[in-house]
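Q: Could you walk me through this one? I'd like to start with the contacts and then move on to whatever comes up.

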Amino acid sequence: MVGVIASCGLLFHSLLARLGRGAAGFAGKVREIAREDPRRVTHSLKVGLALALVSVVYFVTPLFNGLGESTMWAVLTVVVVMEYTVGATLSKGLNRGFATLVAACIAVGAHKLAELAERFGVQGEPISLTVFVFIIASAGTFLRFIPEIKAKYDYGVTIFILTFSLVAVSSYRVEELIQLAHDRFYTIIVGVVICLLTTVFVFPVWAGEGVHKLAVGNLDKLAQFFEGMESECFGTSIVTDNFEGKDFLQEYKSVLNSKATEDSLVSALYRILWYTNYHDHP
């Protein structure tokens, strides 16, 4: 019995030690990420601030009465639209607003056509709405495979499919469809505006600055890589063993792994320049 208790105590102690090491490693990684770019911490606080501001719309009774249950869509909009840079937030906000407006208008039109189909049979309206949802969702999903649309408007097409499906399906049970589409659109606009105000006026992060810093950092890493290669291949003590595990190789791999970040920043920079008529930002 004593041996069993001792074994359980050792197992529990080992588990606690493992959890402690894991927590310490995670805390060290978080500290390193924050030290590497303090703007990430600022961005996290900005997201929290934006959500706190948009929550006021839901908590204040007059605002809630004006928009109804659709107020929750403003909160969801902040969660999905808020991005690290101003350009990315502006792009997502415009995509969401325009896609919601177009999808709501088409869904209302589909509802009117479905009401006409009701005259030809008892189940004419639900069948027509099902056909409309199938056609629009299939066509929109196929459009996402087109490279030009996927690169710039993939998010907008996704929101278009989502909004059309929700409004079209809801139209069968909801009496005031126009009011529903109206409230949903305006709550999304409220969320987008709060995102833009928070992103632009509270420690803004411009994509151009991010591209510049990333390019400078990658050039420094490439310089360290070439210096390491020169030392290994042409130094006084030439080593012929495998280079795997050398420190300078990690710099080279880091540059390669940054391609996705570069593409995202360049895309955001292109959008902010296009939307603002090539206005020069810091």
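Q: Among contacts between residues at least 6 apart in sequence, what share joins residues at least 24 apart?
A: In this predicted model, 70% of the contacts in the protein chain between residues at least 6 apart join residues at least 24 apart, a contact being heavy atoms within 4.5 Å.

Q: What should I keep in mind about numbering and confidence?
A: Residues are numbered from 1 along each chain as its sequence is written, and side-chain values use heavy atoms, with hydrogens and water left out. Since the model is predicted, local features need pLDDT of at least 70 and side-chain atom pairs count only at pLDDT 80 or more, while totals for chains, interfaces and linings use all residues.

Q: OK, how many helices and strands?
A: The protein chain has 11 helices and zero strands, where helices (H or I, at least four residues) and strands (E, at least two) are DSSP runs numbered from the N terminus.

Q: And how much of the chain is buried?
A: Of its 282 residues, 32% count as buried; buried means under 20% relative accessible area, exposed over 50%, and partly exposed in between, with a 1.4 Å probe and protein chains only.

Q: Which residues touch the most other members in the largest nonpolar core?
A: Ala107, Phe160, Phe164, Ala168 and Leu177 do, in a core of 15 residues; such a core is a set of buried Ala, Val, Leu, Ile, Met, Phe, Trp, Tyr and Cys residues joined through side-chain atoms within 4.5 Å. The elements giving two or more residues to this core are α5, α7 and α8, and the largest share, seven residues, comes from α7.

Q: What does Phe160 contact, leaving aside its neighbours within four places in sequence?
A: Phe160 is in contact with Ala99, Val102, Ala103, Ile106 and Ile136.

Q: Which residues of α4 are buried, and what covers them?
A: In helix α4 (residues 72-81), the buried residues are Trp73, Ala74, Val75, Thr77, Val78 and Val81. Their cover includes α2 (39-59), α5 (86-117), α7 (147-170) and α8 (177-201).

Q: Switching topic, how many salt bridges are there?
A: A search of the whole structure finds three, taking a salt bridge as a side-chain nitrogen of Lys or Arg within 4 Å of a carboxyl oxygen of Asp or Glu. In one of them, Glu83 pairs with Lys92, with the closest N and O atoms 3.0 Å apart.

Q: Which residues are linked in a network?
A: Arg144, Lys150 and Asp154 are linked in a network of salt bridges. The closest N and O atoms of Asp154 and Arg144 are 2.8 Å apart; Asp154 lies in helix α7 and Arg144 in the loop between α6 (124-143) and α7, so this pair ties together parts that are 10 residues apart in sequence. Lys150 meets Asp154 at 3.9 Å, N to O, and both lie in helix α7, four residues apart, about one turn of the helix.

Q: Is Asp154 buried or exposed?
A: Asp154 counts as buried because its relative accessibility is 18%, whereas Arg144 is partly exposed at 27% and Lys150 is partly exposed at 47%.

Q: How many disulfides?
A: The structure holds zero, a disulfide being a pair of cysteine sulfur atoms within 2.5 Å. As for two of the cysteines, Cys105 counts as exposed at 53% relative accessibility, while Cys195 counts as buried at 0%.
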